[in-house]
Amino acid sequence: MNLKELTLEELGKKFRIKGDYHTHTVYSKVGPYLHGKGRIIDNAAAASAKGLEELAITDHGPTDFYGLDQKKIPQMREDIKNAVQAYPDLKIYLGVEADIVDTPNGLDVSPEDFGLYDFVNAGYHYVPNCHMIANWIAFHLPYPAAGREKLRRMNTERIVRALKSNNIRILTHPGDKAFIDEHAVAKACEETGTLVEVNVRHRHPNLEDLKIYASYDVKYIIDSDAHSPDKVGRYVKSLALAISAGISPDRIVNIEELRSE
Ligand SMILES: [Zn+2]
Ligand SMILES: [Zn+2]
């Protein structure tokens with residue numbers, strides 16, 4: 001069967017998502033503005049209703065404008081404990097979506113703070129200390145090609161350094177918010193065993209990007225990157241994109257084929 005010919009509905013019936021390892025909650029906030037709209041228990045309720053086995057709460061890294069306050073981690077752990085009591089079939093992890101920035105280990109989560117979390121994901125965002133303004137302009141406005149190439153080189157070096165200096169589980173939405181050399185990043189993910197995220201919430205990785213990753217020996221993960229509970233567990237469009245890029249579903253670690261009766 002040619003999976004590329006299946007409709008989204010057919011794909012959704014043929015494959016399921018086992019766990020969602022990138023979701024945000026009200027702990028991603030700036031002042032009174034909530035960047036993530038649901039509480040931990042709300043994301044858990046949504047994950048349970050969709051039949052997921054595992055869920056990760058991965059709010060933004062501590063230096064992000066919407067970043068979590070690491071002092072609140074005991075409260076987050078308490079919320080997770082309560083959510084597990086309410087939904088005992090669901091395993092819930094506390095992760096973080098660290099920012100890739102110019103620090104000694106290349107992240108806004110220091111090596112000493114890694115132990116606060118069950119695992120660390122990392123991605124590029126518009127935050128200070130990462131050529132934020134230049135990257136934003138290059139993404140949204142006309143920008144000289146030479147400057148773009150220079151940014152691409154700097155962004156790529158920074159991502160590769162972060163990947164090689166830390167045990168990062170998932171590289172979130174690679175290529176979004178920062179132009180990169182996909183070949184170099186794919187090779188670093190291959191060498192470090194970092195999962196490449198497919199996430200249609202962002203413009204990258206797009207079809208062309210994923211065709212490049214597909215030529216390297218990397219594994220993929222599909223995440224919703226939900227900022228509200230109703231989006232938790234979304235996967236079908238990301239799966240269709242991966243398949244279009246030539247990525248076989250068995251290379252996506254959290255996707256399972258359902259046996260037909
Ligand atoms: Zn992100
Ligand atoms: Zn995110």
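Analyst: Strand 5 (residues 54–60) and strand 6 (residues 91–99) run parallel and are joined by seven bridges. Strands here are DSSP runs of E with at least two residues, helices are runs of H or I with at least four residues, and both are numbered from the N terminus. Two strands count as paired if DSSP finds at least two bridges between them. One bridge links glutamate 54 to its partner in strand 6, lysine 91.

This is a predicted model, in which local features need pLDDT of at least 70 and side-chain atom pairs count only at pLDDT 80 or more, while totals for chains, interfaces and linings use all residues. Residues are numbered from 1 along each chain as its sequence is written, and chains are lettered from A and ligands numbered from 1 in the order in which they are written.

The two strands belong to an open sheet of seven strands, in the order 2-5-6-7-8-9-10, with parallel pairing. Its edges are strand 2 (19–23) and strand 10, each of which pairs on one side only.

From strand 6 the sheet continues to strand 7, with five bridges in the parallel sense. Here alanine 98 stands opposite alanine 122 of strand 7. Strand 7 (residues 119–123) is largely enclosed by the rest of the structure, because four of its five residues are buried. A residue is called buried if 20 or more other C-beta atoms lie within 10 Å of its own, exposed if 12 or fewer do, and partly exposed in between, with C-beta atoms placed from the backbone.

Strand 7 is also joined to strand 8 by two bridges, and these strands run parallel. Asparagine 121 stands opposite isoleucine 170 in strand 8. Isoleucine 170 also has a bridge partner in strand 9, leucine 195. Strand 8 (residues 170–171) and strand 9 are parallel and share two bridges.

The chain path between strands 8 and 9 includes a helix: strand 8, helix 6 (residues 182–192) and strand 9 form a right-handed β-α-β unit. Right-handed means that, with the strands pointing away from the viewer, the path from the first strand over the helix to the second runs clockwise.

In a regular strand the side chains alternate between the two faces of the sheet. Strand 9 (residues 195–198) is covered on both faces: Leu195 and Glu197 are buried on one side, and Val196 and Val198 are buried on the other.

Strand 9 pairs with strand 10 (residues 220–222) over three bridges, in the parallel sense. The partner of valine 198 in strand 10 is isoleucine 222.

Apart from neighbours within four places in sequence, the contacts of isoleucine 247 are Leu210, Ala214, Tyr220, Ala242 and Ile252. Two residues are in contact if their C-beta atoms, placed from the backbone, lie within 7 Å. Isoleucine 247 counts as buried because 21 other C-beta atoms lie within 10 Å. The C-alpha atoms of isoleucine 247 and isoleucine 40 are separated by 32 Å, and the two residues are 207 apart along the chain.
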